[in-house]
Amino acid sequence: MKSVHQVGPVCALTVFVDRYLFAGEGPNLAVYEIATGEQIACRAVFSRNKIHGISVSGPDLRSARLCVWGGRSLALFAWPQLFEGEIDQLAVGDWIKDAQFSLDGAVVYCLHAHNVVVAVDVAGKRLLETRNCGEKSILYSGRLRVLSDRVLVCAGTVMDGILVWSYDDCAVVHRLHGHTGSIFGLCTSDDGRWLVSCSDDRSIRVWDLGSGEQVATGWGHGSRIWWLRIYAETERGFSVLSGSEDLTCRTWRFEQGHSSLEPVDVFETHTGRNVWSGAVCDALGLGFSGGADGAITASDLAETQREGAVSAAWTLAQIAEQAGAAFARDEIVKEYYDTGTELVAATSRGKVLRLRNGLWELVLEDARFERFSLVRGFDTGVVLIANKTGDLLVLGSGGMAEAKIKFERGVLGNVLTATRNGRQFALAESVLEEPLVLLEIAGTAVVSERRLSKPAGKFAMSAFDVDVASGAVVVGSRFATLAVFPGDERSAEPRVWRNFLKGDTVSSVEILESPSLQALVVMKDREYGVVRCAGQLELLQTNRLQRGFLEGGYFEHGDLVLYGFRSDTFFVWNETKQLELLREACGGPHRQWSFRHGGGGHRLFYTRSSSVHFRQTGARVAPETLRTGLHGREIRSVAACKTSTGHLLVSGSEDTTVRVSRLAADGAVVPLWCERQHGSGLQAVHFVNSDYFVSSSAREEVYLWKLSDEKYVRLHRTIRPRSSNPETRVMDFDAVEVRQHGRVAGFLLAAVYSDSSVRLWYYSYELNTFRLVVEDVYASCCVLRVRLVVLDAIYVVLAATNGHLAVYRAGDGGGVLGVCGGAVELVAGPDHAENPPRLEQLLINQQIHQSSVKAFDLAVDGHTALVVTGGDDNGMAVSTLDFAAVELASTYFAGTASSTITDVVLCGRSRVLTTSVDQVVRVWRVPQLELETEQYTTVADTGCACVAGGLVVVGGAGLEVFQIDM
Amino acid sequence: MGKSSKDKRDVYYRKAKEEGWRARSAYKLLQLNEQFGLFNDIHRVVDLCAAPGSWSQVLSREIFKDERSDAQIVAVDLQPMAPIDNVVTLQADITDPRTLDKILGIFGGEKADFVCSDGAPDVTGLHDLDEYIQAQLVLCALRLATCLLKEGGTFVAKIFRGRDIDLLYSQLGFLFEKVVCAKPRASRGTSLESFIVCIGYKPREGWKPDLQPELSTEEYFQNMNIGRARLHEDLRVDYEERKVAPFVACGDLKTSYDSDASY
Ligand SMILES: C[S@@+](CC[C@H](N)C(=O)[O-])C[C@H]1O[C@@H](n2cnc3c(N)ncnc32)[C@H](O)[C@@H]1O
């Protein structure tokens with residue numbers, strides 16, 4: 001077995017010579033060039049331990065000496081050894097908290113968890129001496145500061161605050177009390193004058209190491225704070241970057257003489273829980289963070305000072321003065337459109353203004369556009385101004401044209417614009433029920449006009465796009481409605497779908513590049529989807545954000561980007577990489593605003609208290625992410641399914657999300673979607689077949705998902721909870737196909753619950769419904785796993801916390817199900833029975849393990865099955881289950897792992913793979929249970945595995961992919 | 001993101017409320033006792049990491065059921081603890097060697113029959129760190145036990161069965177007749193928590209009980225020769241023996257509740 005890919009907590013980050021970022025990715029040391037984001041080196045440094053810290057000494061990369069530590073491991077090596085040769089595994093007798101080079105690089109000082117400093121000769125890799133201050137209780141954190149005249153040790157204890165002592169004379173300099181609880185993070189200023197600390201109590205404190213006084217306190221994080229970095233040091237003060245369990249990184253400013261550490265910025269760059277590591281590149285003004293989700297992101301700490309960055313606002317008086325146009329008393333800037341280089345705005349008194357290079361000018365004044373005017377535009381820079389009577393001003397770079405939109409009966413209610421392949425389309429709507437008018441505008445001239453019959457009933461268009469290839473027009477409306485006008489049959493009625501997604505207003509429609517007509521549709525109420533609307537409307541992809549209102553979305557370099565408002569901020573979010581790209585505090589949702597993206601930058605105009613605000617992001621000095629993450633908390637279940645290019649990997653986590661990723665043949669995992677529909681931590685995910693998979697969690701959530709085009713996933717159906725206890729967890733389930741008249745009609749799903757319930761559901765593809773066909777209760781313990789076996793009858797095999805394996809004959813679900821030729825047949829449609837039948841008969845209920853049977857797998861051959869179980873008791877059992885003779889014969893093997901066995905996967909009939917909390921993946925020969933290979937995994941809390949071709953995916957606190965020969 | 005299914009109150013929690021225990025943990029100790037008869041003939045005990053104090057309650061009830069002049073319970077925790085009948089409480093960090101010295105002081109040279117620790121650190125979520133700290137709490141308790149426990153005495157401590165637990169099993173094997181990993185049914189199957197039950201303390205040959213408060217817990221054991229890695233001049237990594245301790249689930253299947261079934 002060979003490890004080929006891993007994602008997991010990033011516990012160490014260090015910036016070197018302002019150009020490189022060194023990252024501890026599990027046991028691997030990766031080096032990135034900051035400016036390009038390119039990984040220039042990566043190798044495993046330790047065999048078991050995760051990297052928790054990195055120090056680099058030297059003037060440049062080539063001559064750099066590295067000190068890397070993690071747990072009890074230490075490694076000292078030179079840069080070239082990252083590419084060839086062995087790296088010695090060293091140890092200093094305890095868990096290392098910090099290690100720093102002496103100024104000449106000849107010595108490394110290691111502070112370990114019992115408050116002892118071990119000095120090491122770098123060249124000889126030998127112990128020089130150890131020193132301590134006489135107090136050796138355990139430390140949660142520690143920092144060394146090597147100064148020209150001394151070495152300062154800052155030690156963060158569990159109960160006694162911070163101990164500052166001097167390495168040179170082993171004397172305690174200060175005992176700093178103020179925090180409550182364990183001290184989790186410490187950092188000193190370059191000159192050793194200031195110390196910042198964070199703890200359990202969510203505060204950050206600044207200490208003057210000269211006087212030993214606490215001089216400032218900062219509050220703001222919503223959870224425990226793990227680490228701090230001082231940067232931007234000046235005569236008067238410094239800045240701090242902090243990382244927390246609340247998932248944010250924050251910046252703070254300390255100025256001497258002020259008793260509060262002022263909060264400056266908040267960055268939300270990780271998902272799940274915990275930001276474990278951080279570093280600052282002072283010269284470039286970048287903050288880096290590594291999360292429990294495995295992501296490494298770069299936050300721009302100096303975004304507002306970047307080239308091209310603008311942050312400006314104009315009051316009405318300023319606008320009037322610049323434009324040289326007197327505003328009436330009640331005149332306001334009502335509507336505007338940002339072309340990307342200039343803003344065209346209309347006032348409530350018919351003035352048209354232009355903001356160019358930071359200056360406002362009056363373009364024209366036209367009484368026809370008083371009171372009601374709409375300002376829209378195209379990506380080409382052409383701007384439209386329309387009024388109620390359908391007068392249309394078209395402003396282009398070459399000049400202005402006029403046009404008229406005529407409705408039979410009503411006046412103009414709305415006009416929208418879309419730009420596709422450089423072509424400009426405008427869609428106008430009357431306030432009455434009459435056809436929509438679609439114009440194509442070339443330059444500033446209307447070149448075609450088309451009438452599209454407006455869907456009957458409630459309809460108020462809110463977004464649209466045109467498929468230039470077919471001429472089809474896709475229109476989104478309020479009332480969660482989508483209308484598609486086919487391009488070829490000009491007169492034909494549109495196809496209309498109401499409530500195709502949850503919510504009300506469709507905020508954007510974007511046609512996607514695809515052979516059939518597909519569009520990205522974003523709903524204001526934070527739902528979004530990809531739909532195919534060639535014939536029937538088909539939802540290919542559905543998902544929703546947790547918070548905020550979505551105003552739009554687009555794909556950029558294959559990533560989905562969404563934007564909208566959340567409490568008082570406007571945000572731009574990379575949904576694929578799960579990363580916030582922009583946040584602008586703008587005082588809440590606004591009626592009048594304009595957002596543009598492109599060229600890596602973002603532009604946002606918004607009106608607040610009648611002033612026009614403008615924010616343009618500056619040029620980035622580095623990519624936003626250096627590494628993409630996955631789940632931010634433990635992965636509880638993984639499943640894979642073959643596709644034409646490799647596999648799709650589905651993972652369910654305690655972070656309540658279901659992730660769909662691409663698993664490449666080389667083992668790389670590329671995230672596609674992060675589905676947030678579950679309301680609680682996941683228990684199981686399994687495929688039904690290559691089109692469908694199911695996931696389960698607490699609150700009795702069982703969700704059926706449908707895959708499309710090997711890349712989209714949508715929530716297809718959910719099962720309504722049966723019990724009133726919301727805590728009941730659906731621990732596991734299994735599905736088998738059900739046929740009717742020789743065709744696949746649906747599947748039978750057996751689900752087992754933490755309250756000992758066992759339920760069988762019939763799912764019909766045609767009706768898209770789940771019907772309960774069998775309901776029973778096994779015992780009073782939690783049922784952990786279930787498998788369905790179809791032979792002469794349907795059998796339910798289950799395993800529970802009582803250590804038993806139980807086998808039921810399921811019965812026919814009250815005349816609904818039959819068995820024919822080893823397959824389940826639908827005999828009659830299930831009814832809505834309030835009380836479905838119970839399982840027909842408990843055939844076997846035999847104790848195999850001392851406590852929980854955590855996992856089992858079985859392989860059926862004739863009327864017997866080979867069953868391999870793994871338990872909380874560290875043992876495994878290999879059993880033969882004879883369905884005909886109703887016999888279960890087991891051989892138990894104790895101590896097969898040093899901890900709980902969490903998953904068992906049979907690979908054919910002769911091999912079985914296990915995962916266990918001792919972080920060893922083992923392959924055994926069965927039935928004799930001989931160990932064939934074992935492989936240590938860096939994934940802690942190892943909980944699940946699946947086999948995908950020649951790859952094994954192991955999940956837990958992270959994910960690791962192994963190549964395996966089987 | 002929705003609320004995850006942590007921190008839910010289970011049947012043991014409700015039962016503890018009814019029966020007057022300060023924490024559901026009481027049932028873990030009671031079930032361990034059911035299995036191993038831990039309370040037979042114990043009079044002098046140390047309960048480490050004892051807050052809020054349900055183990056001390058259980059022990060106090062047990063030890064002071066008959067009048068005995070030599071009976072004694074000392075309970076220690078970082079957190080303050082409300083007084084419990086017949087229990088001497090101490091608020092201190094057990095990883096600080098001076099705390100252990102204080103406890104020895106309270107015992108005034110007398111031996112103890114039973115040392116237990118239900119200690120759990122501030123779990124950070126960083127698994128290797130949490131496991132390390134947990135192991136350190138066990139070692140601190142063990143350090144006290146080696147100085148205080150009478151020959152044949154019993155040591156019980158909470159462990160996380162993580163990747164290096166087999167090192168600890170092996171090392172405990174040098175000090176006790178019998179080392180068992182026990183999982184009471186009151187402890188959730190979904191948590192990594194278990195208890196190491198070490199029966200029959202046998203001091204290392206030639207070893208004189210001496211706490212040496214100037215040593216860290218690591219240093220203390222490096223000198224005891226129980227197979228723990230040491231600090232070497234050349235910083236080499238010692239090979240450390242690993243052993244799997246036998247596993248015992250305790251608490252009667254029929255009469256005890258399943259802590260996983262109902263939260
Ligand atoms: C699970 S509780 C113990 C419950 C207790 N056995 C009962 O039955 O009430 C774990 C305790 O370990 C304590 N603890 C953790 N680290 C400690 C340390 N270094 N020194 C002393 N106590 C510690 C915590 O304060 C916490 O009260």
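User: Where is P927(A) found?
Analyst: P927(A) sits in the loop of chain A between β82 (920–925) and β83 (930–936). Please keep in mind that this is a predicted model.

User: What makes the peptide bond from V926(A) to P927(A) cis?
Analyst: Its omega is near 10°. Chain B has a cis bond too, from A51(B) to P52(B), with omega near 0°. P52(B) belongs to the loop between β1 (44–48) and α3 (54–63) of chain B. Such bonds deserve a look because most peptide bonds are trans.

User: Why is N421(A) called exposed?
Analyst: Its relative accessible area is 65%. The word exposed is used over 50%, so N421(A) qualifies.

User: And A480(A): buried or exposed?
Analyst: A480(A) has a relative accessible area of 0%. Buried means under 20%, so A480(A) is buried. A480(A) has a positive phi as well, near 45°, and lies in the loop between β43 (472–477) and β44 (481–485) of chain A.

User: How do you know that strands β39 and β40 of chain A pair?
Analyst: Count the bridges: β39 (residues 423–430) and β40 (residues 436–442) are joined by five. At least two are needed, so these strands count as paired. They run antiparallel, and Q424(A) has I441(A) in β40(A) as its bridge partner.

User: What is the strand order of the open sheet that holds them?
Analyst: The sheet has four strands, ordered β38-β39-β40-β41 in chain A, with antiparallel pairing.

User: Why are β38 (412–420) and β41 (445–452) of chain A called edge strands?
Analyst: Each of them pairs on one side only. Across this sheet, neighbouring strands are turned by 20° against each other on average, with direction ignored.

User: How many bridges join β78 and β79 of chain A?
Analyst: Seven bridges link β78 (residues 876–882) to β79 (residues 887–893), and the strands run antiparallel. Pairing takes at least two bridges, so this pair counts. T880(A), for example, has A889(A) as its bridge partner in β79(A). Four residues lie between the strands of this hairpin, where V886(A) takes a positive phi near 50°.

User: How many residues surround the ligand, and which are closest?
Analyst: There are 20 residues around the ligand, the closest being G53(B), S54(B), D77(B), D93(B) and D118(B).

User: What classes make up the shell around the ligand?
Analyst: The shell has eleven nonpolar, six polar and three charged residues. Asp counts as charged, so D77(B), D93(B) and D118(B) belong to that class.

Key:
Residues numbered from 1 in each chain as written. Chains lettered and ligands numbered in written order. Predicted model: local features only at pLDDT ≥ 70, side-chain atom pairs only at ≥ 80, totals over all residues. Heavy atoms only, no water. Near = heavy atom within 4 Å. Axes fitted to C-alpha atoms, helices over the stretch in contact; angles between N-to-C directions. Buried < 20%, exposed > 50% of the residue type's maximum accessible area, 1.4 Å probe, protein only.
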